[in-house]
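This report describes side-chain packing and charge pairing in one protein model. The sequence and structure come first, followed by the individual features.

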Amino acid sequence: MKKITLPYDFIPLPGEGTASDSGGGPEYLYPYSNLGEGNRLPRHDRAAEGRLSGYLTYKIEPHSPLALELREIPDADGRAAYWLSGSTVRGKLHSNVEILSASYPAFIDDSDLLYRNIGEKKYRDRLGVSDECKLEQAVEAGYLYRDEDGSFYIVPAAPIGDFHFVSVRELDIIRCWGHVLKKKERLFDWSVRASDGALIQKKLEGYADQIKKLDEAIYAIRQREEVKGTAADLSIEEVFTSSFPFTIVFPKIKSEVKKAKAKYEAVIDDQCRNLGRELKSRIKEPSLQELLNKMVERWGLKLRMHAIYEGLEKPWFKNKASAPYQKAVSFDAQGNSVSWIGHVSFPRAGAVKGMLFNSTNAGSKRGHYLIGQERKDAERIKVPDQTIAGYNSAFGRMRLDEANKPSNNNKPPHDDDNNKAFYDLFNILSKTNCKYPKIVFYKQEWRKDLSGNQEQVLVVGRTPYFRVRHHYQLNDLRGTRKQGGIDYASALFGYIASERGNGNAGEQEGYKSRLRFSPLRVCGNIGLGRIEKFLLAKPQATAEAMYLKPHGNEASSYEGHSVKRQRNSESIIVAPQLRGRKYYHVLSQPLKLCGQVPDNMTSQRYVYDPSFHLKGTLHFKNLTEAELGLLLLAMDISLLPDASSFNPDKKPYFEQIGGAKAYGYGKVQFSIEEIQLEQKGSSFESLIVQPYKQAEVSSAHYVAAYLRERGGEAWLKRVHMKRYVKSKLVKESFDKNHVDWTNIDEKRKIDSRNAKGGGYLKSWVLEYLEE
């Protein structure tokens with residue numbers, strides 16, 4: 001693994017220093033309760049004894065260009081005036097208050113974290129695939145519909161023999177029913193250069209026949225020698241999945257062929273010899289040598305077929321004009337095998353209707369899927385909102401395979417959008433050329449959450465190798481909110497019932513905010529602003545090596561990691577630990593997007609140079625002195641009495657607002673100008689003449705009240721104040737292993753010649769910064 005730094009880092013979740021490192025969860029604070037016990041939240045319709053109401057005015061001074069959405073509203077004299085929504089400051093302060101008060105992290109994307117790794121045994125186990133249960137038996141197929149109320153449901157497809165669907169190789173379709181597939185529905189160009197196409201087909205058919213014979217022989221030997229479950233069986237699996245998987249071996253073959261201009265068959269033969277030596281060095285039993293030889297031979301044949309499909313035989317063989325599709329067909333099946341496929345308009349006796357389907361992301365990308373028609377007697381299956389949210393989140397990160405995209409000369413530009421729309425299952429505005437309900441593959445299962453409660457889960461996708469839920473989800477790792485507990489952030493900013501979790505009996509349904517943020521007036525020379533382009537990559541928590549604390553020297557996983565108990569050799573699975581709350585580094589100078597980036601990958605923002613300042617007002621109701629101190633501290637960390645102990649060089653503190661923070665935009669400083677408190681009493685002066693009076697004590701007084709209530713130094717350690725203060729300081733420089741959105745493609749090429757797509761490399765892990 002290579003340690004890198006990124007435009008962002010993390011502030012640990014609240015805890016007593018080592019608690020989270022030793023497996024303990026985050027420790028949140030709940031100073032209020034809404035279950036009739038402990039401190040109750042104050043009412044909004046009356047002044048509470050010992051509490052403060054009023055307003056404070058503040059100033060924001062920019063120190064870098066700002067990417068903001070400003071509104072132009074003429075002032076009283078009709079002159080142009082610009083305003084920034086108060087919600088911008090509200091969001092920033094809400095986040096800071098959560099950190100400084102150990103409040104529960106309410107606003108995170110808690111949709112399902114999904115993954116797909118076809119070569120991993122754990123993934124296949126999750127699908128339910130084994131020697132006894134094939135993919136077509138473990139995964140179900142059906143048709144997706146949208147109800148009148150906007151919800152989605154699946155109607156299961158009729159089985160084909162014992163299978164929920166049948167996989168059909170394109171080689172067999174071309175050989176037996178070539179007229180079924182149009183050119184754009186074919187993954188490979190069998191018709192180009194007819195003689196070469198026929199030779200390729202003949203060669204592939206020969207390999208397929210040899211593999212079939214080897215499969216029968218391998219099965220017989222395994223049965224005779226009772227190999228399953230033995231140490232030798234586990235060693236064989238480890239060699240094929242860890243040391244010699246196609247994902248590792250084939251890029252090496254491709255590189256060697258290109259570099260040495262060697263024939264791919266000779267390079268594959270070398271790899272087979274390497275595989276044979278590795279297997280025989282681990283497995284010494286004489287009775288298994290024949291098995292190992294046949295497995296190596298089979299592996300070599302599969303590699304040769306893979307090389308042909310990948311274009312090493314003839315570069316034109318892969319059909320770059322192919323597109324995902326689903327089409328109605330008639331078919332005849334004998335048990336689990338398909339004996340005939342024809343056009344739906346010309347069925348033959350005994351045939352039934354169904355759908356032929358292909359997703360370019362499905363399986364080995366060489367097969368098509370045959371699905372029966374809807375089961376008329378089947379109970380429809382509702383798709384839960386959580387499943388939809390998880391799928392949509394994964395869809396948002398989806399990229400079509402750039403290598404398979406044809407040039408614009410071969411197909412219209414809008415076809416790429418149509419192809420992506422094929423996978424956009426739950427967007428009712430998504431338009432596709434298909435007139436039938438969308439085919440989906442799905443699996444229903446029961447799981448236990450961290451509390452031991454059973455929950456039913458539905459996973460769904462456009463291919464049978466769909467993404468499945470990770471064992472641990474963000475909701476699990478951020479901890480459970482205390483029943484009836486109200487943290488400082490909820491008590492100040494309010495909450496609604498949906499934010500409180502399960503809506504337990506007796507809990508208050510919602511609470512209105514005791515804070516009101518007015519729009520901010522832009523003061524000074526704002527200018528017209530300019531439009532700039534940014535590659536605004538949206539980091540996702542699915543990046544395990546970035547969002548999870550490392551496990552020793554290795555990246556952690558949402559699947560957890562195995563740890564041996566000290567008292568015996570038994571292993572247990574330990575939950576991963578979140579790094580904490582993300583923040584973007586404050587940069588000394590803004591970065592510029594360099595190089596050519598496609599327009600469909602960039603975002604445009606209005607940018608304003610720092611030749612102005614903003615002024616705003618924050619109204620508050622019934623706050624304790626400690627709560628007002630927390631709010632002031634969230635606005636200006638320099639009010640912390642011993643801030644210099646975390647910042648010995650006395651560098652200036654900055655907040656970041658607006659967009660393009662990863663590029664160093666939005667760097668600002670808050671300053672509190674005055675605090676006006678509502679006067680108590682019922683006199684004419686206090687009600688009419690002067691309802692507000694300037695606070696008689698400084699901001700530092702209220703901050704001290706908050707720290708005193710929370711226990712001082714121990715509290716600062718619990719909320720990781722050192723890391724919080726560090727997040728407000730300029731990051732002067734980065735080392736050579738720094739990756740940001742301006743150099744990520746360059747860094748990927750340096751660290752991996754065979755890297756495809758975009759995003760982080762699997763060999764990267766975020767450098768772990770200790771306190």
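## A buried histidine

His-306 is buried, with a relative accessibility of 15%; here buried means under 20% relative accessible area, exposed over 50% and partly exposed in between, using a 1.4 Å probe and protein chains only. His-306 belongs to helix α9 (residues 289-309). Helices (H or I, at least four residues) and strands (E, at least two) are DSSP runs numbered from the N terminus. Leaving aside residues up to four places away in sequence, His-306 touches Phe-246, Phe-250 and Arg-366, where contact means heavy atoms within 4.5 Å.

## Basis of the values

The model is predicted: local features need pLDDT of at least 70, side-chain atom pairs count only at pLDDT 80 or more, and totals for chains, interfaces and linings use all residues. Residues are numbered from 1 along each chain as its sequence is written, and side-chain values use heavy atoms, with hydrogens and water left out.

## Nonpolar cores

A nonpolar core is a set of buried Ala, Val, Leu, Ile, Met, Phe, Trp, Tyr and Cys residues joined through side-chain atoms within 4.5 Å. The largest one has 62 residues, and those touching the most other members are Leu-56, Tyr-58, Ile-60, Leu-515, Leu-618, Phe-620 and Met-721. Helix α15 (residues 625-635) supplies the largest share of this core, eight residues.

The contacts of Phe-620, not counting residues up to four places away in sequence, include Leu-52, Tyr-55, Leu-56, Leu-515, Leu-628 and Ile-675. A second, separate core holds 44 residues, among them Ile-200, Val-257, Trp-316 and Phe-317.

## Aromatic pairs and charges over rings

Across the whole structure, 31 aromatic pairs are found. Rings of Phe, Tyr and Trp (its six-membered ring) pair if their centres lie within 6.5 Å; planes under 30 degrees apart count as stacked, over 60 as edge-to-face and the rest as tilted. Tyr-115 and Tyr-123 are edge-to-face, at 5.9 Å centre to centre and 70° between the planes. Tyr-115 is buried at 11% relative accessible area, and Tyr-123 is buried at 0%.

Phe-357 and Phe-422 form a stacked pair, 5.8 Å centre to centre with 25° between the planes. Phe-357 lies in strand β14 (residues 352-358) and Phe-422 in the loop between α11 (414-421) and β17 (438-448), so this pair ties together parts that are 65 residues apart in sequence. Both rings belong to a cluster linked by ring pairs, together with Phe-165, Tyr-369, Tyr-423 and Phe-441.

A charge sits over a ring if NZ of Lys or CZ of Arg is within 6 Å of the ring centre and within 35 degrees of the ring normal. Lys-667 places its charged end over the ring of Phe-654, 5.2 Å from the centre, and Arg-710 lies over the face of Trp-715 at 5.3 Å from the ring centre.

## Salt bridges

The structure holds 36 salt bridges, each a side-chain nitrogen of Lys or Arg within 4 Å of a carboxyl oxygen of Asp or Glu. Arg-469 and Asp-112 form one of them, with the closest N and O atoms 3.1 Å apart. Arg-469 lies in strand β19 (residues 468-469) and Asp-112 in the loop between α1 (86-100) and β8 (114-115), so the pair ties together parts that are 357 residues apart in sequence. Both Arg-469 and Asp-112 are buried.

Glu-696 and Lys-693 also form a salt bridge, with the closest N and O atoms 3.6 Å apart. Glu-696 is exposed at 70% relative accessibility, whereas Lys-693 is partly exposed at 39%. Salt bridges with shared partners join Arg-169, Asp-172, Arg-175 and Glu-205 into one network.
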